[in-house]
Amino acid sequence: MQVMTLADQAIEAEGRAVPVQVSLAKALLSSPQALAAQLRNMVRTRPQFEKLADAVSAFADGNPVTAKLAYLSELTATLKKDAGANWRILIFTERTETQKA
């Protein structure tokens with residue numbers, strides 16, 4: 001097991017420096033696919049993340065249906081059953097990898 005310290009590091013995102021922890025946390029909360037993409041981007045400047053990026057990518061590829069997606073599917077099925085054609089849902093996500101998942 002390797003411990004990586006991220007305390008004082010920042011990455012460039014949307015034209016401004018963002019602490020690495022914030023960027024990783026946002027990706028993790030979005031989806032495993034978003035976290036894998038974030039780590040892949042970080043590998044360009046931080047090669048020490050390559051093994052972690054590979055492991056997270058393998059996990060994301062092997063588990064395409066996350067708990068969040070499963071719940072969303074259940075919710076839409078319930079809405080469809082209960083409201084018929086009279087329902088709408090609007091979903092916001094920050095990461096395109098989450099949308100693709």
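Q: How are H1 and H2 oriented, roughly parallel or roughly antiparallel to each other?
A: H1 and H2 are roughly antiparallel to each other. Angles under 35 degrees count as roughly parallel, over 145 as roughly antiparallel, 65 to 115 as roughly perpendicular and the rest as oblique. The model is a predicted one, in which local features need pLDDT of at least 70 and side-chain atom pairs count only at pLDDT 80 or more, while totals for chains, interfaces and linings use all residues. Residues are numbered from 1 along each chain as its sequence is written, and side-chain values use heavy atoms, with hydrogens and water left out.

Q: At what angle do the axes of H1 and H2 cross, and within what distance do they come?
A: The axes cross at roughly 150° and come within 7 Å, with H2 spanning residues 32-43. Axes are lines fitted to C-alpha atoms, for helices over the stretch in contact, and angles run from 0 to 180 degrees between N-to-C directions. Helices (H or I, at least four residues) and strands (E, at least two) are DSSP runs, numbered from the N terminus.

Q: Which residues of H1 and H2 meet?
A: From H1 they are Val20, Ser23, Leu24, Ala27, Leu28 and Ser30, and from H2 they are Ala34, Leu35, Gln38, Leu39 and Met42. Contact here means heavy atoms within 4.5 Å. By class, this contact of H1 with H2 has eight nonpolar, three polar and no charged residues. Ala, Val, Leu, Ile, Met, Phe, Trp, Tyr, Cys and Pro count as nonpolar, Asp, Glu, Lys and Arg as charged, and the others, Gly among them, as polar.

Q: Which residues of H1 are buried?
A: In H1, which covers residues 20-30, the buried residues are Val20, Ser23, Leu24, Ala27 and Ser30. Seen down the helix axis, the buried residues of H1 fall within an arc of 125°, so they line one face. That arc is taken from the directions from the helix axis to the C-beta atoms. Buried means under 20% relative accessible area, exposed over 50%, and partly exposed in between (1.4 Å probe, protein chains only).

Q: And which are exposed on the other side of H1?
A: Leu28 and Leu29 are exposed there.

Q: What does Ala27 contact beyond its neighbours within four places in sequence?
A: Ala27 is in contact with Ala34, Leu35, Gln38 and Arg95. Ala27 has a relative accessible area of 0%. The C-alpha atoms of Ala27 and Glu94 are separated by 8.8 Å, although the two residues are 67 residues apart along the chain.

Q: How far apart in space are Val20 and Met42?
A: They are 9.1 Å apart, C-alpha to C-alpha, and 22 residues apart in sequence. Val20 is buried, with a relative accessible area of 0%.

Q: Turning to the loop between H1 and H2, what residue is found there?
A: Ser31 is found in that loop. Ser31 is buried, with a relative accessible area of 4%. Leaving aside its neighbours within four places in sequence, Ser31 is in contact with Glu97 and Thr98.

Q: How do the axes of H2 and H3 cross?
A: They cross at roughly 155° and come within 9 Å, H3 being residues 50-62. H2 and H3 are therefore roughly antiparallel to each other. By class, the contact of H2 with H3 has ten nonpolar, two polar and three charged residues.

Q: Finally, how many helices and strands does the protein have?
A: The protein has five helices and two strands. From the N terminus on, the elements run β-β-α-α-α-α-α. Buried residues make up 27% of the 101 residues.
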